[in-house]
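Here are my notes on the model, point by point. Please read them with the structure open.

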Protein chains: 2
Amino acid sequence: MKSVDTLITHARLLTMEGPGVGYMPDGAVAIKGDTIEAAGPSEELQRQYTAQRYLDAAGDIILPGFIDAHIHTGLALLRGTAQDMEHWMQLGIWPFRRHLSEGAAALGALVNIMEAMKAGTTTFCDYNSGMNQILPHYEQLGARVRAAETIHSLPADLGPLEPGELYPLNDTVGAERLEANAALYDQWHGRWNDRITVMFGPQGPDLIGKELLLETAHEARQRGAGLHMHVAQGDREMEQMEKRWGCRSPQYLDQLGLLGPDLMAVHLTEASASETELIARSGASMIYCAGSIGIIDGLVPPIAAFLDAGGRAALGSDQVPGNNCASMFNEMKLTALFNKIKQGRPQAFPAWKVLRLATIEGAEAIGLADTIGSVKPGKRADLIALDADAPTLNPVLEGPVRNIVPNIVYSARGSEVRWSMVDGDMIVEHGQITGADEKKAIKAAQAAAEACAAAAVDDLRESPLKKWTEQGYL
Amino acid sequence: MKSVDTLITHARLLTMEGPGVGYMPDGAVAIKGDTIEAAGPSEELQRQYTAQRYLDAAGDIILPGFIDAHIHTGLALLRGTAQDMEHWMQLGIWPFRRHLSEGAAALGALVNIMEAMKAGTTTFCDYNSGMNQILPHYEQLGARVRAAETIHSLPADLGPLEPGELYPLNDTVGAERLEANAALYDQWHGRWNDRITVMFGPQGPDLIGKELLLETAHEARQRGAGLHMHVAQGDREMEQMEKRWGCRSPQYLDQLGLLGPDLMAVHLTEASASETELIARSGASMIYCAGSIGIIDGLVPPIAAFLDAGGRAALGSDQVPGNNCASMFNEMKLTALFNKIKQGRPQAFPAWKVLRLATIEGAEAIGLADTIGSVKPGKRADLIALDADAPTLNPVLEGPVRNIVPNIVYSARGSEVRWSMVDGDMIVEHGQITGADEKKAIKAAQAAAEACAAAAVDDLRESPLKKWTEQGYL
């Protein structure tokens, strides 16, 4: 008998190994330290292992934790203030954002991370100004994170802009932001047994000068750190690119030699068919944010074409002002449904496909395939348990049609998450966050949001939502 | 001081009265018996009323309970067995349905109703064969229901049909079903203080003979009972109509004199622009089932055009094999997002509009506007309380942009429902069903579903989901 720290038995286990979902009807997982030692039939593992801790998962569905491959947790205090409107960024976000300190943003982030964890997210790619103040929250909560500073050259005193107006770019600002990202790397990369890793985050090809973008890429490549960047994220970006650089984002990045396997290209909302193919073939991955782009733009980016061209993709929740939630159940469901509607074909994006995007394929797309994304010996023990006896997952049929995966994707709400672990540590237990006081966090975020909203009053004159509020529609 | 049974105070109250959402920041509701006696500022009502029971709703958002205007709870045992595929009905549903007794169906219905109630649904329009066995569950759980038997003329021994094959119709069967609906009316209509009312439910113009449809309408009109019917629900229906009757469903119903204010026309998936307008102008209402039609067909029915033509509309969850859930949070969100995507306009279907469809406008569309749908003196006390301190609803901003409604629609998961009442009676408390044992119901449904699935094996040869199950994709 070999000895391990934890032995989970009698689970309905989705390993996400192989071409599908790797289902085992009475599965077990043995965990030693932070690592999966073995996965297999309960009977077999019970014969082979003794453990410090036994988790009887009869009545649970166990699967790899979800990967939210793109989130701006620092915008969480603005939840619900920027949707159902045109010019989301200029008229919705910026009037508030000018009054949002990095300290306040971090208070919102804490609630946002908790919200996502309670719906089974174990890994985040988080992308903000002031990550330095947000990463301690990840450390406290225990979630896995790939972090980047947003590197942009927008002046701090940027006033309201007219839609279509060329942004002023000041690369002195940008250089400071790059320096902040490098400092973030030095301070945090690899911390806590690699639970925290750092990428580089140019905010978009339109929001930074050319030399500085190249320098950012150089710094990232020197460290093997990965580039996380919005690309072709809207007609706004494309308009800015054509006005300033005389070409569209994908061509621009291609010319600069920035399309490649270390690029995580976020959104691609406005990428044409040939641009989508160009990026996919370069080895860059695509991060698709279904809910956010659906709400903000009423659009469905070309993830189907990207995958068809052989590209690797992951899903992200983006940010809560304009989504308005952080839940990979939401992103999986919307990815499937939006693409069915875009194609007019119910067969498009079946449940198993989107579950793969949120787990094993997502891990590949963010460069963590060796570490997470499936239940496989040698990978980290990042697992979640769903209550199979929840009404939303009832009944559970093993055959002739197994309905577990479709019901996770199309029916589960998030509250089915019974526990969640990262590196074998419980970060959610009995559906509750273990590492922080939720009520206290919510109270602090509430106060900070009220202060930010009060400061933004004068900047919101153009917001249709302000008018709706006054007229009683909100 | 006047005396009432219940006084709810200090709520963030959405009355849904007036053109918008009728928000009150510190609102109170006085309830006497089953009826709302008064709604207004807490300070005012506290001066005017004493109560048997005080509910302090500080930290809660109170609003009218949601209306699920179209659901087949009797299909709940088939959750997750029919999505991501073509020919949903023929290859997905029917192979199981042949082996689903009315008794077994009612066991599934019980879980399905609980699931919806836990997400804030207080009123259902439920439409099944064997409603006689499902209505006792509503009585036990305390939810409000408008019920109809599905009246169709499909023979009981109907074998698998090829897509495109004209269904055999046997109006002897249909006449029995009409009789069952009339018996349901006699036995249940008006029971429990009108909490249960009965409509008539021809399953679709393609699924019943012409004379029998006219007779059904006559029986419904004689009783003032309302007709609840699938109309233009798919290309399958339209193909059958043209083959059998030489015209499409809307023209057919128009010629028969069946378009009018007592018709709830469900789906309208295939209605053309002129057909949509014809139905809207007749005074018939439209029930839009976003999730179900999105999954089953990859389509977005013409609810925008229907509303533009002045029609009244409500939302429904339809059924869990092909949706796969029963939650009005899901339907509100998908309604907004699908229509934004259909129109490519983020302004389409703002949050307040879909919240109205799930409450006050839904009540109008199903003929209960005098009874439910808003917090108004004289209406029944059908209310829900959402936990405003849930991470998904944080922060709560009163201004300059009030974010409560967008976050209910776009962020809430369902688990924010703290309590729910119908006619002033608590049917959900602390997020749990008060009227039945959930675990016991789930166990019974599970056993019944397994038996049905085992019996269906031979009929499922053509199902792509069966192949996916065998290949490890499910």
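**Notes on the model**

1. Strands β2(A) and β3 (residues 35–41) of chain A pair in the antiparallel sense over 6 bridges. Two strands pair if DSSP finds at least two bridges between them. A:Ala30 stands opposite A:Ala38 in β3(A). The hairpin of β2(A) and β3(A) has 2 residues between the strands, and A:Gly33 there takes a positive phi near 60 degrees.

2. This is a predicted model: local features need pLDDT of at least 70, side-chain atom pairs count only at pLDDT 80 or more, and totals for chains, interfaces and linings use all residues. Residues are numbered from 1 along each chain as its sequence is written, while chains are lettered from A and ligands numbered from 1 in the order in which they are written.

3. β2(A) has another partner. Strand β1 (residues 2–14) of chain A pairs with β2 (residues 23–32) of chain A in the antiparallel sense, over 6 bridges. Here A:Thr6 stands opposite A:Ile31 of β2(A).

4. Chain A holds 18 helices and 18 strands. Both are DSSP runs numbered from the N terminus: helices are H or I, at least four residues, and strands are E, at least two.

5. Of the 474 residues in chain A, 64% are buried (20 or more other C-beta atoms within 10 Å of the residue's own, with C-beta atoms placed from the backbone). Among contacts in chain A between residues at least 6 apart in sequence, 73% join residues at least 24 apart. A contact requires C-beta atoms, placed from the backbone, within 7 Å.

6. Now the interface. In chain B, 84 residues are in contact with 84 residues of chain A. On the side of chain B that touches chain A, α17(B) gives the most, with 8 residues. The residues of that side divide into 42 nonpolar, 27 polar and 15 charged. Ala, Val, Leu, Ile, Met, Phe, Trp, Tyr, Cys and Pro count as nonpolar, Asp, Glu, Lys and Arg as charged, and the others, Gly among them, as polar.

Key. Buried ≥ 20, exposed ≤ 12 C-beta atoms within 10 Å, placed from the backbone. Contact = placed C-beta atoms within 7 Å.
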